[in-house]
Amino acid sequence: MAEERRFSPEPLADELDARRGASALLLLPDGLCWMSVLSCLLLACSYVGSLYVWRSDLPRDHPTVIKRRFTSVLVVSALSPFFVWTWREFTGVRSGPSLLALLGLRFEGLVPAIILPLLLTMVLFLGPLLQMALDCPWSFMDGLQVAFDPWFWTLCASDMRWLRNQVVAPLTEELVFRACMLPMLVPCAGPLVAIFTCPLFFGVAHFHHVIELLRFRQSSLSGIFLSAVFQFSYTAVFGAYTAFIFIRTGHLVGPVLCHSFCNYMGFPAISAALEHPHRTTILSSYVLGVVLFVLLLFPFTDPAHYGLPTPVCTLAPSLSPVCL
């Protein structure tokens, strides 16, 4: 093990210090950042590589391909906490919370962690939600009836693409790319830098879609390149957002629900909004949603709602406004 040096984090606040205890010392080895980055890179490669252990000439949306990939990513996701455990054992970094708590699996503050981050994300999508409501042929009561119909959810669960986009992908990606990577990055980089570093692994991991686009010639080379750049940018921004939620709330459930919701909504159809008969109303709701999102971002993710300090923040090497 590398030579260790003692490190004493500053108290986040009196309340945080009381919860943390008698300012326990963290043991941070030299070369911690390299070990953290390499561990995250290995974990990301394991996740993406597991998608290609099956040889097939079928496209990614074929049910057979989806089922095989379910098996692969679920195995990697189940093993991903062992990456964090091994990293902790090798580096000697210790904290008060258990490994499960660091991964966002805890009961304290669970109810607000289910409601508030999802509500915040829905506020951001106020424009697209209004646009969807105006274009929907169903009435509000029809929508409620469908939402509470067991047969509707049975049909959804039997659709492999729906299961992938709404359940398996959000759960496994948030577990691997947020819950497992952030505890390894925060002690080295701090919460703020980790929020913007972690999504890089997430964004690069989505470049594997380019392989399939090239393989099946689904677009021109320039189109594939632009699609890859756009997807990397979009997933990196989204990854920073869910990383922020994970650190602020200390829960995995919030990022998973937000991920599932965003997968359902897709990227906002701004061009369609510009041509919509009610475009003034819709565009105003787009702007209002963004303004409300900015105003509510910190209040809705206030760590006081979820139990201070949140587990990952106990690994922070110094005071960070993200954890307050």
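Reply: A charge sits over a ring if NZ of Lys or CZ of Arg is within 6 Å of the ring centre and within 35 degrees of the ring normal. In this predicted model, the charged end of Arg-69 is placed over the ring of Tyr-52, at 5.1 Å from the ring's centre.

Me: How many aromatic pairs does a search of the whole structure find?

Reply: The search gives nine aromatic pairs. Tyr-234 and Phe-267 form an edge-to-face pair, because their ring planes stand at 75° and the cut-off is over 60 degrees. Their ring centres are 5.2 Å apart.

Me: Where in the chain are Tyr-234 and Phe-267?

Reply: They lie in distant parts of the chain, 33 residues apart. Tyr-234 belongs to helix 13 (residues 221-249), while Phe-267 is in the loop between helix 14 (253-265) and helix 15 (270-274).

Me: Which residues do ring pairs link into a cluster?

Reply: The cluster consists of Phe-152, Trp-153 and Trp-162.

Me: Which residues make the nonpolar surface patch?

Reply: Val-111, Ile-114, Ile-115, Leu-119 and Met-122 make a nonpolar patch of about 400 Å². One of them, Ile-115, is found in helix 5 (residues 110-124). Ile-115 counts as partly exposed because its relative accessibility is 46%.

Methods: Residues are numbered from 1 along each chain as its sequence is written. This is a predicted model: local features need pLDDT of at least 70, side-chain atom pairs count only at pLDDT 80 or more; totals for chains, interfaces and linings use all residues. Side-chain values use heavy atoms; hydrogens and water are left out. Patches are made of residues with over 30% relative accessible area and no salt bridge: like charges are joined within 9 Å, nonpolar side chains (Val, Leu, Ile, Met, Phe, Trp, Tyr) within 5 Å. Accessible areas come from the Shrake-Rupley method with a 1.4 Å probe; for residues, only the protein chains shown count as cover. A salt bridge is a side-chain nitrogen of Lys or Arg within 4 Å of a carboxyl oxygen of Asp or Glu. Helices (H or I, at least four residues) and strands (E, at least two) are DSSP runs, numbered from the N terminus. Buried means under 20% relative accessible area, exposed over 50%, partly exposed in between (1.4 Å probe, protein chains only). Rings of Phe, Tyr and Trp (its six-membered ring) pair if their centres lie within 6.5 Å; planes under 30 degrees apart count as stacked, over 60 as edge-to-face and the rest as tilted.
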